[in-house]
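Here is a short tour for someone meeting this structure for the first time. Have a look around, then read on.

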Amino acid sequence: GPPPPLDSGEVLIWRPKNGEPPCAMRIVAGRTERRRHVRKYAEGDLGEDRSFYFRGPNGQLKLRAQNLMLFVQMAEGVDDATWMHHLRQGEYSDWFRQRIKDPAMADEAQEIERQPDITAEESRAKIKELVERLYTLPASASGRGGKA
């Protein structure tokens, strides 16, 4: 007979050798599905409401990182007091969870944020490594060449 109708996210499986009729199977969206958004998160403009703002401990700055690439660049450039202020407020993990919508990345960032004796230099390096590991940033951002 005719193959079953397919819904969005389904594929047709047919194994003629075992004699069964074709059947529809749902594809589970995993990390691969998320990867479609990676370029937007890494290089695109997330818009003002979803950007990260480095404001500093006294609100003296207003540096907008509209994507992960700019976030990493700004993280390297802001003063230690500003970096640590946002780190201690848990704002990096909040941003990854709420705006980048990556709970795994947020959980890892939270572990870094919660280390009581971590320095600005150490935490910057760890957060940067975390972003670069999960989001393949363009060669210009990582300084090490792009990772496939």
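## Pairs along helix H7

Start with helix H7 (residues 120-134), where glutamate 132 and lysine 128 sit four residues apart, about one turn of the helix. Helices here are DSSP runs of H or I with at least four residues, strands are runs of E with at least two, and both are numbered from the N terminus. The side chains of glutamate 132 and lysine 128 meet in a salt bridge at 3.8 Å, N to O. That term asks for a side-chain nitrogen of Lys or Arg within 4 Å of a carboxyl oxygen of Asp or Glu. Both glutamate 132 and lysine 128 are buried (buried is under 20% relative accessible area, exposed is over 50%, and partly exposed is in between, with a 1.4 Å probe and protein chains only).

Helix H7 holds another such pair: arginine 133 and glutamate 129 are four residues apart, so about one helical turn separates them. Their side chains form a salt bridge of 3.0 Å, N to O. Arginine 133 is partly exposed, with a relative accessible area of 42%, and glutamate 129 is partly exposed too, at 39%. Salt bridges with shared partners also join Glu76, Lys128 and Glu132 into one network.

A word on where this comes from: the model is predicted, so local features need pLDDT of at least 70 and side-chain atom pairs count only at pLDDT 80 or more, while totals for chains, interfaces and linings use all residues. Residues are numbered from 1 along each chain as its sequence is written, and side-chain values use heavy atoms, leaving out hydrogens and water.

## A bridge between helices

How many salt bridges does a search of the whole structure find? It finds seven. In general, side chains of opposite charge can pair when their charged atoms come close.

One of the salt bridges joins the side chains of aspartate 107 and arginine 97, at 3.0 Å, N to O. This pair links distant parts of the chain, with aspartate 107 in helix H6 (residues 103-113) and arginine 97 in helix H5, ten residues apart. Aspartate 107 is partly exposed, with a relative accessible area of 38%, and arginine 97 is partly exposed at 28%. Aspartate 107 can also be placed relative to phenylalanine 96: the two are eleven residues apart in sequence and 8.9 Å apart in space, C-alpha to C-alpha.

## Rings that meet

Now for the aromatic side chains. The count comes to 14 aromatic pairs. Rings of Phe, Tyr and Trp (its six-membered ring) pair if their centres lie within 6.5 Å; planes under 30 degrees apart are stacked, over 60 edge-to-face, and the rest tilted. Take phenylalanine 54 and tyrosine 92: their ring centres are 6.3 Å apart and their planes are at 50 degrees, so this pair is tilted. Phenylalanine 54 is in strand E3 and tyrosine 92 in helix H5, so the pair ties together parts 38 residues apart in sequence. Phenylalanine 54 is buried, with a relative accessible area of 0%, and tyrosine 92 is buried at 0% as well.

Phenylalanine 71 and tryptophan 83 make another tilted pair, 6.4 Å centre to centre with 45 degrees between the planes. Phenylalanine 71 belongs to helix H3 (residues 68-77) and tryptophan 83 to helix H4 (residues 80-88), so parts twelve residues apart in sequence are tied together. Both phenylalanine 71 and tryptophan 83 are buried. One aromatic cluster takes in Phe52, Phe54, Phe71, Trp83, Tyr92, Trp95 and Phe96.

## Open and closed spaces

On a 1 Å grid over the protein atoms alone, a cavity is a set of points where a 1.4 Å probe fits but cannot get out, and a pocket is an open set with protein on both sides within 12 Å along at least five of seven lines; lining residues have an atom within 4 Å of a point. Points are joined across faces, edges and corners, and a volume is the space filled by probe spheres set on them.

The largest pocket holds about 190 Å³ of space. Strand E3 (52-54) and helix H5 (91-98) are the elements giving two or more residues to its lining, and H5 brings the largest share, four residues. The lining of the largest pocket divides into three nonpolar, three polar and six charged residues. There is one cavity of 30 Å³ or more, and the largest cavity has a volume of about 40 Å³. Ile13, Trp14, Arg15, Asn18, Glu20, Pro21 and Cys23 line the largest cavity.

In these classes, Ala, Val, Leu, Ile, Met, Phe, Trp, Tyr, Cys and Pro are nonpolar, Asp, Glu, Lys and Arg are charged, and the others, Gly among them, are polar.
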